[in-house]
Each structure stands twice: as structure tokens, then as C-alpha cells.
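Thanks for making the time this morning.

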Amino acid sequence: MADVKSSVVSLFLLGLLVVVLQSGVIECQSQTCTPSLTSLNVCAPFVVPGAPSASAECCTALQSINHGCMCDTMRIAAQIPAQCNLPPLSCAAN
């Protein structure tokens with residue numbers, strides 16, 4: 001049962017990240033934020049439970065992301081459940 005919940009949470013977070021990335025609402029320090037975050041799409045297969053280790057392509061994409069862009073994106077994504085009248089997402093480490 002915990003694996004199912006973990007899978008659902010992981011898929012929700014992945015979907016949320018994709019929505020944020022493709023919605024064009026990400027306003028970071030520069031116009032290069034959205035394209036660089038979009039490059040993280042290659043990491044999608046590695047953010048679900050039971051996934052293999054991240055590929056070299058995913059690691060390269062992650063290394064190229066500006067820290068501020070990534071933090072801004074995570075803050076924006078964390079606000080979306082409240083905007084949808086949902087409780088805040090709470091994730092516990094397994």
C-alpha cells in the first residue's frame with residue numbers, strides 16, 4: 001500500500017512539474033530559465049518509484065540548471081495545490 005501511495009505522489013509531482021514547465025508561468029532571473037528547465041524532461045523516467053538510476057543525459061541536464069530557476073520552480077509548484085483548493089502536499093522520506 002505504501003508503494004502505491006509513493007507511486008501516486010511521485011507521479012503527481014512529475015505531472016505537476018510538467019504542468020509548471022509547459023505553462024509558461026515560470027518567471028526566473030532570466031529568460032533562459034524555462035528552456036533550461038524544459039531540458040529536464042529527459043529525467044522524467046527516473047522520478048518514479050522503482051526507476052533505474054538517472055542517465056548521463058539527465059545528469060547533464062540537471063547540472064545545467066540555474067539553482068535559482070530550480071528553487072523558483074519548486075516554490076511555484078508547491079503553491080499549486082492551494083490554488084486548486086487542495087491540502088498542501090506532505091511527503092515523508094521512506
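Of the 94 residues in the chain, 23% are buried, where buried means under 20% relative accessible area, exposed means over 50%, and partly exposed lies in between, with a 1.4 Å probe and protein chains only. Please keep in mind that this is a predicted model, in which local features need pLDDT of at least 70 and side-chain atom pairs count only at pLDDT 80 or more, while totals for chains, interfaces and linings use all residues. Residues are numbered from 1 along each chain as its sequence is written, and side-chain values use heavy atoms, with hydrogens and water left out.

The chain has four helices and zero strands, both taken as DSSP runs numbered from the N terminus, with at least four residues (H or I) for a helix and at least two (E) for a strand.

Now to the cysteines. With a disulfide defined as a pair of cysteine sulfur atoms within 2.5 Å, the count comes to one, namely Cys43 with Cys58, whose sulfur atoms are 2.0 Å apart. Cys43 sits in the loop between helix H2 (33–38) and helix H3 (56–63), whereas Cys58 belongs to helix H3 itself, so the link ties together parts that are 15 residues apart in sequence. The link is right-handed, with 110 degrees about the S-S bond. Both ends are buried, Cys43 at 10% relative accessibility and Cys58 with a relative accessible area of 6%.

What about Cys59 and its closest cysteine sulfur? That sulfur is in Cys58, 5.4 Å away, which is too far for a bond. Cys59 is partly exposed at 37% relative accessible area, and Cys84 is partly exposed at 45%.
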